[in-house]
Amino acid sequence: RSASRGRDRRTDRPDEPREERRGRRRSPSPQERQRRRSPSSEDSRDRRPRYSRSPRRRPSPGRRIPRRSPPRRSSPQLDLERPRSDRRPALSDDVPPPGAILLGRVVSIRPFGAFIALDGYLKHGLVHISQLAKQRVERVEDVVKDGDAVKVKVLQSDDAQKVSLSLLQVDQLTGEDLGDEPPPRRRGGPAGDDDIPRNADGSYAWGTLQPLEREPEAEEPDAPAEPKAKPNFARTGKLAEESNKVNGVVLKWSEPPDAMRPTKHWRLYVFKGNESLEPYHVHRQTAYLLGRERRVCDIPLDHPSCSSQHSVLQFRLTSKTDAAGNTTKLVRPYLLDLGSTNGSFINGERIEP
């Protein structure tokens with residue numbers, strides 16, 4: 001058994017020499033045959049057809065898919081026979097001379113002006129907002145737009161590296177130089193003359209200011225002066241009104257300094273015809289307000305003849321001196337009418353408000 005471990009029963013034969021067994025090709029095992037039949041991922045990647053838009057199919061065992069060569073791309077043909085005059089001319093690095101009228105294109109717009117690309121030059125020029133039109137320009141976009149073709153004039157600049165341009169000094173239709181003269185002033189009148197004095201160059205002449213001619217106004221007779229209003233220091237009641245307000249309603253009366261809650265248990269009896277209703281116990285407060293305004297009244301009165309604040313029952317501390325000179329103090333009730341329309345009555349007699 002130990003001798004048969006180190007050799008293969010299928011390949012090694014004990015009857016042939018060792019040298020012949022080494023030179024003879026060994027037959028593959030079943031695992032190697034299966035591995036050869038199913039290609040690996042690297043082999044399948046190499047055998048996959050290139051430049052194919054169809055979905056990838058797994059090749060069958062033992063079938064080899066031929067490689068497809070990529071499509072040939074035609075090399076660009078150089079137009080060597082193109083005449084040299086049709087090619088784009090070379091741009092100059094120099095600064096255009098002042099006074100030259102050139103054709104350009106608007107490449108950028110800024111709040112202070114527009115940048116122009118000049119034909120034949122690499123440097124861009126700037127048309128200031130004051131050089132766009134004769135009238136006042138609020139926005140650059142109102143005169144030119146990005147990409148517009150314009151005719152400009154090169155102005156004299158203090159900086160040799162900057163190019164200043166003007167749009168108003170060139171006629172955009174003919175390209176004629178209009179010069180740097182200011183636009184003619186508008187004059188009044190049908191013939192173009194006015195009465196304003198002018199200098200020799202047409203500008204206005206400075207002179208003295210003449211007063212305007214006005215018609216004399218008729219003098220009116222002196223009216224008697226109205227007496228000035230004197231200060232009034234009388235009481236208006238505004239402060240008391242703010243302090244005497246309950247639930248947004250101003251009370252028509254204020255309690256006196258001698259107001260006091262009674263010590264005796266007073267009761268107010270109410271009669272409706274011959275029938276007696278439930279009495280009111282009126283000894284728990286110093287005053288009881290009667291009326292139709294339920295926001296402030298303690299005893300509501302729903303009869304149409306009653307006012308919103310009809311009357312008030314006020315308890316006051318009074319003092320009384322007898323014949324012997326003895327002084328006694330007693331809390332007594334008083335009925336006060338608050339200016340009601342139909343008035344208040346006690347024992348058939350109307351009391352003064």
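Which residue takes a positive phi in the hairpin of strand 2 and strand 3? In this predicted model, G120 does, with a phi near 90°, and five residues lie between the two strands.

## Ground rules

Residues are counted from 1 along each chain as its sequence is written.

## Confidence

The chain has a mean pLDDT of 77, with 68% of its residues at 70 or more. Confidence is highest in strand 12 (residues 287-291), at a mean of 94, and lowest in helix 1 (residues 2-5), at 48. Helices (H or I, at least four residues) and strands (E, at least two) are DSSP runs, numbered from the N terminus.

Let's turn to strand 2 (residues 113-118), where five of the six residues are buried (under 20% relative accessible area, 1.4 Å probe, protein chains only). Strand 2 runs antiparallel to strand 1 (residues 101-110), joined by six bridges; pairing requires at least two DSSP bridges. Two residues separate these strands in a hairpin.

On its other pairing, strand 2 meets strand 3 (residues 124-128) through five antiparallel bridges. A114 stands opposite I109 and also opposite V127 in strand 3.

Technical notes:
Predicted model: local features only at pLDDT ≥ 70, side-chain atom pairs only at ≥ 80, totals over all residues. Heavy atoms only, no water. pLDDT = per-residue confidence, 0-100. Buried < 20%, exposed > 50% of the residue type's maximum accessible area, 1.4 Å probe, protein only.
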